[in-house]
Amino acid sequence: MEILLGILEQGLTYAFLALGLYFAYIILDFPDLTVDGSFPLGAAVSVSLSLAGLPPLLTLVAAALAGAAAGLCTGLIHVKLRVKDLLAGLIMQTALYTVNLMIAGRSNVPIFDRDTLFQNTRMDAFLPPSLQPLRVLIMMLPLVILIKLACDAFLSTQAGFLLKAAGDKPSLVCSLAHDPGMVKVGGLALANALVALSGACVAQEQRFFEISMGTGAMLMGLASVILGLKLLESFGRLRETTKVILGSVIYKAVIAFAITLGLPPNALKLLTALTFLVILVAGNGQMAAHFRRLFGLSKTCTESKTQKEAKDA
């Protein structure tokens with residue numbers, strides 16, 4: 001029971017990370033490396049504001065706004081300065097390492113003596129002792145549902161349709177008298193706001209900030225996205241946002257299963273990397289092809305040779 005509870009809590013806490021990567025990688029078709037910097041950015045902002053005495057919920061809002069600013073910068077570097085998408089994200093990821101240290105003040109900041117989103121005097125007074133172990137689930141489940149419904153509502157609006165078109169057919173956005181570049185900038189801001197929100201929730205749950213907590217966040221989120229969209233592909237009635245959230249829970253279940261088999265915790269990021277590598281290299285479905293193309297792995301040697309021969313002719 002404790003293992004199942006831990007899987008649900010961790011899956012919901014990291015669900016916003018998966019949603020952010022869904023917006024960036026699936027909808028916008030943008031390989032955004034900013035994620036490994038915006039995730040700890042949200043944690044740094046949330047922890048710093050908690051130490052300053054702000055209520056936990058307000059620290060989450062501030063963390064999301066900080067993440068949106070990071071995504072905005074990445075988008076502007078890509079669109080206005082015409083820097084390649086991968087390089088634009090890498091530039092911001094590198095810059096955010098220093099920014100995160102400046103915000104937090106040092107590389108490791110605990111908040112064990114402060115009220116957090118999951119441990120505070122109001123919750124202690126509100127929840128009976130029998131429900132105290134469920135405090136993380138009680139707080140995260142409504143929050144995830146609220147954000148999921150907000151994302152679904154946004155994707156059903158004109159702005160949501162423009163966002164989808166910007167990643168799929170930018171020419172369609174131009175035909176509707178909109179700038180596809182600026183639509184993409186807005187989408188990256190939204191994606192990184194969700195990622196930073198996830199980082200803030202993780203920091204509130206763990207009760208500390210650590211500068212390296214964003215290492216591997218991108219692969220972790222992508223693994224959740226792929227697991228959710230691929231394993232739940234046959235469930236046509238489920239929205240993709242729901243599949244992504246469930247993918248986050250499935251990913252945490254896989255990690256928990258690996259630990260029960262004796263895998264050391266230090267090897268978890270290696271497991272994540274290998275899982276994603278297998279999907280990219282061995283997968284032959286539409287989702288695997290999408291990511292191979294996104295990372296420049298879609299051209300085989302045969303295709304390259306054929307194109308070269310055609311060019312020489």
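Which residues in helix 2 meet which residues in helix 10? Phe16, Leu17, Leu19, Gly20, Phe23 and Ala24 in helix 2 meet Leu190, Ala191, Leu194, Val195, Leu197, Ser198 and Cys201 in helix 10. Contact here means heavy atoms within 4.5 Å. This is a predicted model, where local features need pLDDT of at least 70, side-chain atom pairs count only at pLDDT 80 or more, and totals for chains, interfaces and linings use all residues. Residues are numbered from 1 along each chain as its sequence is written, and side-chain values use heavy atoms, with hydrogens and water left out.

**Overall make-up**
- The protein has 15 helices and 2 strands. Both are DSSP runs numbered from the N terminus: helices are H or I with at least four residues, strands are E with at least two.
- Of the 313 residues in the protein, 49% are buried. Buried means under 20% relative accessible area, exposed means over 50%, and partly exposed lies in between (1.4 Å probe, protein chains only).
- Among contacts with a separation of 6 or more, 75% join residues 24 or more positions apart.

**Helix 2 against helix 10**
- The axes of helix 2 (residues 15-27) and helix 10 (residues 180-206) come within 7 Å and cross at roughly 165°. Helix 2 is therefore roughly antiparallel to helix 10.
- Axes are lines fitted to C-alpha atoms, for helices over the stretch in contact, and angles run from 0 to 180 degrees between N-to-C directions. Angles over 145 degrees count as roughly antiparallel, under 35 as roughly parallel, 65 to 115 as roughly perpendicular, and the rest as oblique.
- The crossing of helix 2 with helix 10 is left-handed: the near helix is turned anticlockwise from the far one by less than a right angle.
- By class, this contact has 11 nonpolar, 2 polar and no charged residues. Ala, Val, Leu, Ile, Met, Phe, Trp, Tyr, Cys and Pro count as nonpolar; Asp, Glu, Lys and Arg count as charged; the others, Gly among them, count as polar.

**Cysteines**
- The structure holds 0 disulfides, a disulfide being a pair of cysteine sulfur atoms within 2.5 Å.
- Cysteine 151 is buried, at 5% relative accessibility.
- Cysteine 174 is partly exposed, with a relative accessible area of 47%.

**Positive phi in loops**
- Most residues other than glycine have a negative phi.
- Aspartate 29 has a positive phi, near 60°. Aspartate 29 sits in the loop between helix 2 and helix 3 (35-51).
- Arginine 82 has a positive phi of about 55°. Arginine 82 lies in the loop between helix 4 (56-79) and helix 5 (85-104). Its relative accessible area is 74%, so arginine 82 counts as exposed.
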